[in-house]
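I opened the model today to look up a few local features. My notes follow in the order I took them.

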Amino acid sequence: MYRIDLAGTRHCFPDLKALLAAATPLRSGDQLAGIAAQSEEARVAARHILADLPLKTFLSETVVPYEDDEVTRLIIDRHDPAAFAPVASLTVGEFRDWLLNDKVRARELSALSPGLTAEMVAALSKLMRNQDLIAVARKARVVSRFRTSIGLRGRLAVRLQPNHPTDDPAGIAASILDGLLHGSGDAVIGINPATDNVDGAITLLHLIDDLRLRYAIPTQSCVLTHVTNSLQAIERGAPVDLVFQSVAGTEGANRGFGIDLALLAEAHDAALSLKRGSIGQDVMYFETGQGSALSAGAHHGVDQQTLEVRAQAVARAFNPLLVNSVVGFIGPEYLYDGRQIIRAGLEDHFTGKLLGLPMGVDVCYTNHAEADQNDMDNLLTLLGVAGVSFVIGVPGADDIMLNYQSTSFHDALYVRDVLGVRPAPEFEAWLGNMGMLDTHGRVAPRDIATLPLARAIADQRFMTP
Amino acid sequence: MSQVPADDPLARLRAATQARIGLGRAGHALPTRACLSFDLGHARARDAVWTPLDTDAVTAKVDGWPVCMVHSQAPDRATYLRRPDLGRNLAGAADLPSGPFDLSIIIGDGLSSRAAQAHGAALALDLRRRLPGWSLAPLVLAQQARVALGDPIAAAMGARFALMLIGERPGLSAADSLGAYLTIDPRPGRMDSERNCVSNIRPPHGLSIAQAGEKLAWLLMEGRRIGATGIALKDAAPTKDRPHVHHQSHAADPARPSAGQAVAGGDGDGGAFPP
């Protein structure tokens with residue numbers, strides 16, 4: 001039981017997870033789960049208690065029982081006490097102040113991350129304002145590599161997402177070409193397949209890989225199909241660069257996705273065995289999103305943001321090249337409006353970076369959420385300032401397969417321009433060789449018809465499935 | 001300064017996709033016309049979510065088929081969007097005739113009243129023609145409905161099958177897509193893996209009424225023969241139909257729907273997430 005007397009009112013919270021839930025900035029998913037703070041005052045009271053809670057508390061008290069949940073066991077068993085030592089004596093509130101101190105920089109944050117558990121980072125983020133989430137994330141530096149480098153200072157990569165409702169190769173190639181001509185694709189060329197089977201995935205993998213090899217594009221490909229499909233594709237000799245999987249923050253929610261940690265480890269090993277990376281062997285790509293565990297009926301009464309950080313702890317175990325939150329995709333019953341989506345996007349990026357993940361964000365929303373492209377502009381700009389490693393690029397921000405709005409190739413150009421950040425260096429060099437950069441190194445708004453790449457891809461013939 | 005490519009190599013590829021490619025640029029941004037086109041798509045999708053179902057208009061199109069009106073426990077759209085659970089329960093004691101019937105067809109607003117209004121009645125009539133000998137319950141029009149609202153409705157009417165025709169989550173380029181969800185022995189508590197879905201019913205760009213009617217009639221007859229809906233029935237479906245016919249197995253994948261649902265877009269509360 002946690003209690004505090006504030007301004008003449010006594011506030012009580014039965015356990016740690018109730019305290020964390022009450023301390024969370026308001027969001028519809030916690031209301032739906034019936035665990036949000038009872039009042040604004042109760043929310044602040046919970047934060048007061050949280051601020052005085054020793055960080056060590058999270059090593060002895062769990063929000064999901066150790067015996068029942070392999071994600072909890074992963075978090076506790078992998079905790080590194082030596083890395084934790086610099087902050088071991090601090091409370092959550094003192095930890096916030098410590099992080100904001102000028103003397104704590106990228107090196108200190110990298111050294112610290114194996115000492116942090118998901119729940120510590122979740123608790124911390126609940127005490128942080130948006131500017132704190134930005135300021136500390138900006139200091140963190142997480143670099144991952146396969147054929148490009150993700151997360152270098154001053155760089156912002158883009159996942160080129162050329163989805164098509166029937167996986168039509170020519171339609172997908174058209175969107176890939178459009179993205180490349182806008183300087184997108186350095187994080188990955190990653191397709192969400194419309195038809196969920198191994199044959200379809202292999203066809204798409206060959207499509208991207210052939211383009212990549214023919215035009216010597218320094219990037220990696222991914223078909224975002226279930227991990228078991230990727231395993232079969234690998235067995236059948238398909239060119240699998242990255243293995244993708246959606247992950248969640250509880251064992252039960254992961255079971256709902258048809259995965260467990262052993263399966264992820266098997267897939268990780270299989271992808272590593274192919275040795276397809278040129279400058280690195282970070283071979284995993286994970287997506288997460290607040291609300292997944294509640295949606296799967298496996299949330300254990302824990303707030304969705306804490307569970308999101310636990311999902312990130314799952315991702316951390318497999319040295320991913322890319323991790324992103326699909327922040328506004330899940331819908332208004334979890335994040336109701338632009339304000340909630342923006343807050344969650346900043347949280348997910350911050351917590352991931354602090355745990356040591358190469359964090360991107362799919363800055364996105366659905367048409368039944370109270371949000372629009374202006375909210376996405378705001379979040380994209382804030383994340384750019386926070387040093388987001390990559391964002392998503394979809395033609396015209398309209399994903400015609402998944403029926404939601406993300407960021408466009410144009411949006412990526414905008415944020416690179418206003419913040420002076422550039423593509424991944426390997427990819428930038430390729431853009432230069434292809435004649436797509438102006439004298440300032442910006443992707444030039446030129447007559448694309450004259451570009452050899454455009455001609456070549458446009459003239460190529462594509463098989464109809 | 002907006003710059004639209006004069007000799008556009010994308011032109012040849014453009015026919016292969018509805019994606020917004022080759023939009024040109026104004027500096028780093030979209031040209032004005034592309035922005036306005038996007039805004040129009042968003043406005044239409046928003047209106048599809050927020051415009052109430054015009055039950056009179058649907059009733060006028062059902063060729064004299066008796067119609068019952070029901071409402072879920074979600075009193076209004078704002079609550080409906082936040083509380084999917086309320087959208088699955090019937091409000092009050094609905095006055096529904098008791099069967100038994102072979103099939104209860106329900107037209108629900110879901111997340112696009114436009115879809116329900118545009119295609120619901122036509123599909124119901126198409127199915128009636130394809131199912132001679134089936135006893136059909138009065139048509140039910142359901143407001144603030146999620147897919148699972150069909151279960152208590154059909155159970156109350158003693159129907160062997162529930163078929164919920166419901167507006168799917170609207171996309172920017174498709175605000176009027178209808179999903180059809182079939183459940184055998186419907187009752188509250190049915191799981192999503194026990195349903196089959198035919199999605200993207202949206203003439204002229206998606207499935208036509210006739211195509212959807214054919215698939216659904218096949219599912220109904222085969223479902224009656226094997227006594228099941230869901231995974232078992234999906235696996236029996238002709239392969240060519242698979243992209244549009246799926247069971248609702250998946251645990252909700254927040255990150256991305258699995259493929260079937262993606263095409264489905266469709267359970268009336270967001271494609272990826274079972275209602």
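**Cis bonds and backbone**

I started at Pro100(B), which sits in the loop between α4 (77-82) and β4 (101-108) of chain B. Helices here are DSSP runs of H or I with at least four residues, strands are runs of E with at least two, and both are numbered from the N terminus. For the record, this is a predicted model in which local features need pLDDT of at least 70 and side-chain atom pairs count only at pLDDT 80 or more, while totals for chains, interfaces and linings use all residues. Residues are numbered from 1 along each chain as its sequence is written, chains are lettered from A and ligands numbered from 1 in the order in which they are written, and side-chain values use heavy atoms, with hydrogens and water left out.

What joins Gly99(B) and Pro100(B)? I found a cis peptide bond, with omega about 5°. I then went to Pro204(B), in the loop between β8 (195-201) and α7 (209-226) of chain B. The bond from Pro203(B) to Pro204(B) is cis, and its omega is near 5°.

Next I checked phi. Most residues other than glycine have a negative phi, and most peptide bonds are trans. Lys275(A) is not a glycine, yet has a positive phi of about 50°. I placed Lys275(A) in the loop between α15 (261-274) and β9 (284-288) of chain A. Is Lys275(A) buried or exposed? Lys275(A) is exposed, at 63% relative accessible area. My cut-offs: buried is under 20% relative accessible area, exposed is over 50%, and partly exposed is in between (1.4 Å probe, protein chains only). Asn200(B) also went into the notebook, with a positive phi near 60°. Asn200(B) is in strand β8 of chain B.

**Salt bridges**

I counted a salt bridge when a side-chain nitrogen of Lys or Arg is within 4 Å of a carboxyl oxygen of Asp or Glu. By this rule I get 34 salt bridges over all chains.

Strand β8 of chain B came up again through Arg195(B). The side chains of Arg195(B) and Asp151(B) form a salt bridge at 2.9 Å, N to O. Arg195(B) lies in strand β8 and Asp151(B) in helix α6 (residues 150-156) of chain B, so the pair ties together parts 44 residues apart in sequence. Arg195(B) is buried at 1%, and Asp151(B) is buried at 2%. Arg195(B) also meets Asp192(B) in a salt bridge, at 3.5 Å, N to O. Asp192(B) is buried too, at 14%.

I then looked at Arg224(B). A salt bridge links Arg224(B) to Asp102(B), with the closest N and O atoms 3.9 Å apart. Arg224(B) is in helix α7 and Asp102(B) in strand β4 of chain B, so this pair ties together parts 122 residues apart in sequence. Arg224(B) is partly exposed at 38%. Asp102(B) is partly exposed at 22%.

Which residues form a network of salt bridges in chain A? I noted Arg147(A), Asp209(A), Arg212(A), Asp241(A) and Arg276(A).

**Helices of chain A**

How many residues of helix α9 (residues 118-126) of chain A are buried? I found 9 of its 9 residues buried, so I logged the helix as mostly covered. Among them are Glu119(A), Ser125(A) and Lys126(A).

Helices α1 (residues 16-23) and α3 (residues 40-51) of chain A pack at an angle of about 125°, their axes 7 Å apart. Axes are lines fitted to C-alpha atoms, for helices over the stretch in contact, and angles run from 0 to 180 degrees between N-to-C directions. α1(A) and α3(A) are therefore oblique to each other. On this scale, angles under 35 degrees are roughly parallel, over 145 roughly antiparallel, 65 to 115 roughly perpendicular, and the rest oblique. The crossing of α1(A) and α3(A) is left-handed. That means the near helix is turned anticlockwise from the far one by less than a right angle; clockwise would be right-handed.

Helix α19 (residues 373-386) packs against α20(A) at about 45°, with axes 10 Å apart. This pair is oblique as well. The crossing of α19(A) and α20(A) is right-handed.

Gln460(A) is buried at 15%. Gln460(A) and Gly249(A) are 211 residues apart in sequence and 44 Å apart in space, C-alpha to C-alpha.
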